[in-house]
Amino acid sequence: MDGLYPKLCPKLRQAKFATMSDLEVLLEIQSEIVTIRVLVPTANVVAHASQNSYRHKLTLAANNPNHPCNGLAIDILAYIDSMKIQNVDMDLPETQSMLAAMVQCGFATSAQVASLDALANKQVTWCESEGLPEIGLGHIVSARELNNGAA
């Protein structure tokens, strides 16, 4: 529980909580949903490429040595087809560069790449995003007391 208050106390200092009752604050915090970024299983990347018809464009370019983006297509297919790579970190600079190159080479549209990148978005509660256990009314009361110097 020691890790709870260093995260909860600053949260409760937000202006929106100032006039709320302890119960209202608890309900607000328990229902707050945030988006976090997670690793994307490589199988989901492959499925997205197939379902959105850009895997075929990559395959054609990889099989055509005269295609100006032949090397990139080969690299992308090798990457997503590798049995060693279980997950893709969409936030790595290298991944972002690869996504931009896919658009530049005409393998995928900006919308398709944005949709692929969005696979890394996951909706969770604020508590989950902070690695906190379920917060109860007693935690709210204690955190407010700590913020007011009463504890």
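Predicted model: local features only at pLDDT ≥ 70, side-chain atom pairs only at ≥ 80, totals over all residues.
**Cysteines**

A disulfide is a covalent bond between the sulfur atoms of two cysteines. In this model the count comes to one disulfide, and the residues that it joins are Cys69 and Cys105, with an S to S distance of 2.0 Å. The torsion about the S-S bond of Cys69 and Cys105 is about -80 degrees, so the disulfide is left-handed. The bond connects distant parts of the chain, 36 residues apart: Cys69 lies in the loop between α4 (55-62) and α5 (70-81), whereas Cys105 lies in the loop between α6 and α7 (110-117). With a relative accessibility of 14%, Cys69 counts as buried, while Cys105, at 21%, counts as partly exposed.

| Cysteine | Relative accessibility | Class |
|---|---|---|
| Cys9 | 6% | buried |
| Cys69 | 14% | buried |
| Cys105 | 21% | partly exposed |
| Cys127 | 6% | buried |

**Thr95 in helix α6**

Thr95 is part of helix α6, which comprises residues 93-104. Its relative accessibility is 8%, and because the limit for buried is under 20%, Thr95 counts as buried. When its neighbours within four places in sequence are left aside, the residues in contact with Thr95 are Val88, Asp89 and Met90.

**Packing of α6 and α7**

Two packed helices are described by the angle between their axes and the distance between the axes. For α6 and α7, the axes come within 9 Å and cross at roughly 155 degrees. Since angles over 145 degrees count as roughly antiparallel, α6 is roughly antiparallel to α7, and the crossing in which α6 passes α7 is right-handed. On the α6 side the contact is made by Gln96, Leu99 and Val103, which meet Ser110, Val113, Leu116 and Asp117 of α7. By class, the residues of this contact of α6 with α7 divide into four nonpolar, two polar and one charged.

Terms used:
Residues numbered from 1 in each chain as written. Heavy atoms only, no water. Helix = DSSP H or I, 4+ residues; strand = E, 2+ residues; numbered from the N terminus. Buried < 20%, exposed > 50% of the residue type's maximum accessible area, 1.4 Å probe, protein only. Contact = heavy atoms within 4.5 Å. Disulfide = S-S within 2.5 Å. Axes fitted to C-alpha atoms, helices over the stretch in contact; angles between N-to-C directions. Parallel < 35°, antiparallel > 145°, perpendicular 65-115°, else oblique. Left-handed = near helix turned anticlockwise from the far one by under 90°. Nonpolar A, V, L, I, M, F, W, Y, C, P; charged D, E, K, R; others polar.
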